[in-house]
Amino acid sequence: MKRARGFKKITPTDSSKEKIKLDDEFAEVKTDKVFSNVVMPPLKTSHHPSVPCAPVRSDEMVDLNPFPYLYKSTYDFKFDNIKQKILNDINKTKSVVEQTGIITPEKEGGYTTVLLNNASVNGQMWSPPHTWPEFFNFTNIWLPQKIKQIWKFWNLSEFNVPFISGSWINEHSYGSYTEGHHHQNSQISLSCYLNVPKDSGRFMLKDPMEIYNYSRPMNHNHEQVGGSWRYIGVDTNDVIFFPGFIQHQTERSESNEKRYIMSINVDHIHAAAFEHFKDKTIFKPLWQPNYTSLGPSLVDEP
Ligand SMILES: [Fe+2]
């Protein structure tokens, strides 16, 4: 057959040789080349921290939870001694809301003194509650010990020194609640339950793995039973610790007596940066940085 002018003759290529070559190359690839970074498991005698686990019966099933987010402790806040001081701040924040119409996560008659942060009240800078003399022991003695424990549990660096970056008090009356929110950039957040009347609502926490549930065969009543929210019962003087990135809120109060909660955020600063601050009162670390672990250049400095 005559070919049209300008067309090149197409010769079918025999790729079988090339294919065999490729197959040979693939055959050459060994697992240790593909997974060269696979590390050996540690020896049994290594000193890795382990999850405490008591013996368990065969009819039991123990939740080991080696990656805990949530901790609870208790502290006697002696609410009656600080009630009037709290009410004074709540009144100030109410007038800010009335004058500005500012919207906060506190709904249906809830109020928060977070609005008073960095505000001047009667010519004086507002004092966040963790700085009150009434909370001196809590802030300076009790809290650093607890934060140190969590710092260890989560294996946070000793180069990073925690400090309290803010605190405020929320008031909830009948029907009030705090809507879902998180505490941006707070390594450890605390809810301190100063006064929790009966039926004034539980603490609610959202599963940080919520998106994973989209690929799980959840029960048909998943949303009806709270979806990704879990409810934590709380009492007066409870202190709940959680990472600030976790979404949380409070249940609507069904008590005629008001509920009061103090929130605290613990942020961190690198010890080397802190050391170079001229004014060290800007941040008050919860414990003194361990400069010896930062190297000789810092240790040698006066
Ligand atoms: Fe919060």
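Two strands pair if DSSP finds at least two bridges between them. Helices (H or I, at least four residues) and strands (E, at least two) are DSSP runs, numbered from the N terminus. The model is predicted: local features need pLDDT of at least 70, side-chain atom pairs count only at pLDDT 80 or more, and totals for chains, interfaces and linings use all residues. Residue numbers start from 1 along each chain as its sequence is written.

**View 1. β1 meets β11.** The two strands run antiparallel and are joined by 4 bridges. Threonine 74 has aspartate 238 of β11 as its bridge partner.

**View 2. An open sheet of 6 strands.** The order is β1-β11-β8-β13-β6-β3, with antiparallel pairing. β1 (71-74) and β3 (111-112) stand at the edges with a single partner strand each, so one side of each has no neighbour in the sheet.

**View 3. The largest nonpolar core.** Such a core is a set of buried Ala, Val, Leu, Ile, Met, Phe, Trp, Tyr and Cys residues joined through C-beta atoms within 7 Å. Buried means that 20 or more other C-beta atoms lie within 10 Å of the residue's own, with C-beta atoms placed from the backbone. This core has 25 residues; Cys192, Leu194 and Ile261 touch the most other members. At least two residues each come from α4 (136-153), β6 (160-172), β8 (188-195), β11 (238-242) and β13 (259-270).

**View 4. Around cysteine 192.** Contact requires C-beta atoms, placed from the backbone, within 7 Å. Neighbours within four places in sequence aside, cysteine 192 contacts Phe77, Val239, Ile261, Met262 and Ile264.

**View 5. The chain.** Its secondary structure comprises 7 helices and 13 strands. Of its 302 residues, 22% are buried.

How values were computed:
A residue is buried if 20 or more other C-beta atoms lie within 10 Å of its own, exposed if 12 or fewer, and partly exposed in between; C-beta atoms are placed from the backbone. Two residues are in contact if their C-beta atoms, placed from the backbone, lie within 7 Å.
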